[in-house]
Amino acid sequence: MKADVLVIGGGSAGLAAAVSAARAGAKVVLVERHGMLGGMGTASLVHTFCGLYRMDREGPEHANEGLPVEIADRMKVATGRGPVKMGRLWVLPQHPVDFASIADAMVREAGVECLFHSELISLEPGWRAQASCRGGHFDIEAAAVVDASGDAVAAALLRLTDERTPSERLQRPAYVCGVQGVNGELSGLELAGRIVEGVRAGELPKSAMGMHFRSSGRPGEVFGTLDLAGEETGRYDPTDPACLSALESTGRAITREIIGYFREHQPGWDEAYVAHWPVRAGVRESRRWQGEACLTGDEVISGTTHDDDVAFAAWPMEMRESNRGPKLRYPDEGRSAGIPAGALRAKGFERLFVAGRCISCDHEAQASIRVMGTCFATGEAAGRMAAG
């Protein structure tokens, strides 16, 4: 199999990279390990597009033109919902079911060849790759590669030294589920108080304190998000199968306890049930690439721009180094830092680009650029560069 551009991973960044490269005239092959595109926004049920809009604005102003605007517009049509303000930030509610359909339509319209249920198992400069699907292997030759895997998979396959934050400081993961059968108004504050009561009474584990709920916009349906400690097997390592397995089973176990408790103690929840589990827990940070440039947290805070900027970071540094909620650090005067093209070019390689949460940046900057709105923008930029 031959391609002009091989995209690794079909999350928000990979989707945008594949579509932008195909629209530029490239033959694009996208390899995705799951059966749908969208990554965190579908497989992990993350139900809000963050990073689409500029910070500290009276109204929602798009930070990045192009595909971020197009995807937002398609989502608004699909859900009938527009941007909402959360404190100093504008976000766009999205539904994972709609996102999967939007992604399918976009790659189909652009002519992208998607290979679902497949993962790369080798990569050699050239670019020659081998992928696997259910025990079978197939080869791909490409003129350029975009690593939008989220975990810098290409760097691992090339046996490169990647950038990785020490385990104790890694941003902690989230476990999101869909709940149906909820009647009445949804009060996040009331539900949080009910969980506290359950913990104090010994009927819920202390880890349940990391759960909060938000309406999906559909009748009787809510999303529950549980922040996990990530240390269910000891040291947190989001690339270790034992650790990931424990995250999944722990997330389901705690969620079942909470929903069961609510059925007995929370008005309107007596018929509530978990309608869908995520395909995978939401990992916020793992490996990162070493690029020709490295975006730093200091640059994000100062709103620094560069001569070769290809996108803007439009989210505060959202530090989640524990499961006790986020700590937000806003840029000076709400300025959006520029993301240089060099942060999307793998250091030491020709025609190898990166996009999404694994671009070349430090731990603090990654806490800003990892959100889906920004990943759309870096993905689009990487796709254009790869097709050029």
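**Figure 1. Open antiparallel sheet of three strands, S3-S5-S4.** In this predicted model, three strands form an open sheet in the order S3-S5-S4, with antiparallel pairing; two strands count as paired if DSSP finds at least two bridges between them. Strands (E, at least two residues) and helices (H or I, at least four) are DSSP runs numbered from the N terminus. S3 and S4 stand at the edges with a single partner strand each, so one side of each is left without a neighbour in the sheet. S3 and S5 run antiparallel and are joined by two bridges. Phenylalanine 49 has leucine 92 of S5 as its bridge partner. Residues are numbered from 1 along each chain as its sequence is written, and side-chain values use heavy atoms, with hydrogens and water left out. Because the model is predicted, local features need pLDDT of at least 70 and side-chain atom pairs count only at pLDDT 80 or more, whereas totals for chains, interfaces and linings use all residues.

**Figure 2. Salt bridge between arginine 88 and aspartate 56****.** The side chains of arginine 88 and aspartate 56 meet at 2.7 Å, N to O, a salt bridge being a side-chain nitrogen of Lys or Arg within 4 Å of a carboxyl oxygen of Asp or Glu. Arginine 88 lies in the loop between strand S4 (84-86) and strand S5 (89-93), and aspartate 56 in the loop between strand S3 (48-49) and helix H2 (67-79), so the pair ties together parts that are 32 residues apart in sequence. Arginine 88 is partly exposed, at a relative accessible area of 38%; aspartate 56 is also partly exposed, at 31%. Here buried means under 20% relative accessible area, exposed means over 50%, and partly exposed lies in between (1.4 Å probe, protein chains only).

Figure 3. The structure holds 26 salt bridges. Side chains of opposite charge can pair when their charged atoms come close. One of the pairs joins glutamate 190 and arginine 194, at 3.9 Å from N to O. These two residues are four apart in helix H5 (residues 188-200) and are therefore separated by about one helical turn. Glutamate 190 is partly exposed, with a relative accessible area of 38%, whereas arginine 194 is buried at 18%. Glutamate 285 forms a salt bridge with arginine 288, and the closest N and O atoms are 2.9 Å apart. Glutamate 285 is buried, with 0% relative accessibility, and arginine 288 is buried with a relative accessible area of 5%.

**Figure 4. Strand S1 and its parallel partners.** Five of the seven residues of strand S1 (residues 2-8) are buried, so the strand is largely enclosed by the rest of the structure. S1 runs parallel to strand S9 (residues 136-147), to which six bridges join it. The bridge partner of lysine 2 in S9 is glutamate 141. Four bridges join S1 to strand S2 (residues 28-31), again in parallel, and valine 5 is partnered by valine 28 of S2.

**Figure 5. Open antiparallel sheet of four strands, S12-S13-S11-S14.** The four strands form an open sheet in the order S12-S13-S11-S14, with antiparallel pairing. Strand S12 (211-215) and strand S14 (273-276) are the edge strands, each pairing on one side only. From one strand to the next the twist averages 40°, with axes taken as lines fitted to C-alpha atoms (for helices over the stretch in contact) and angles running from 0 to 180 degrees between N-to-C directions. Five bridges pair S12 with strand S13 (residues 221-227) in the antiparallel sense. Histidine 212 has threonine 225 of S13 as its bridge partner.

Figure 6. The largest nonpolar core has 82 residues, of which Leu6 and Trp289 touch the most other members. A nonpolar core is a set of buried Ala, Val, Leu, Ile, Met, Phe, Trp, Tyr and Cys residues joined through side-chain atoms within 4.5 Å. A second, separate core of 26 residues includes Tyr175, Val222, Leu228 and Ile258. A search of the whole structure finds zero disulfides, defined as pairs of cysteine sulfur atoms within 2.5 Å. For cysteine 177, the nearest cysteine sulfur is that of cysteine 50, 18 Å away; cysteine 177 is buried at a relative accessible area of 0%. For cysteine 375, the nearest cysteine sulfur is that of cysteine 358, 8.7 Å away; cysteine 375 is buried at 4% relative accessibility.
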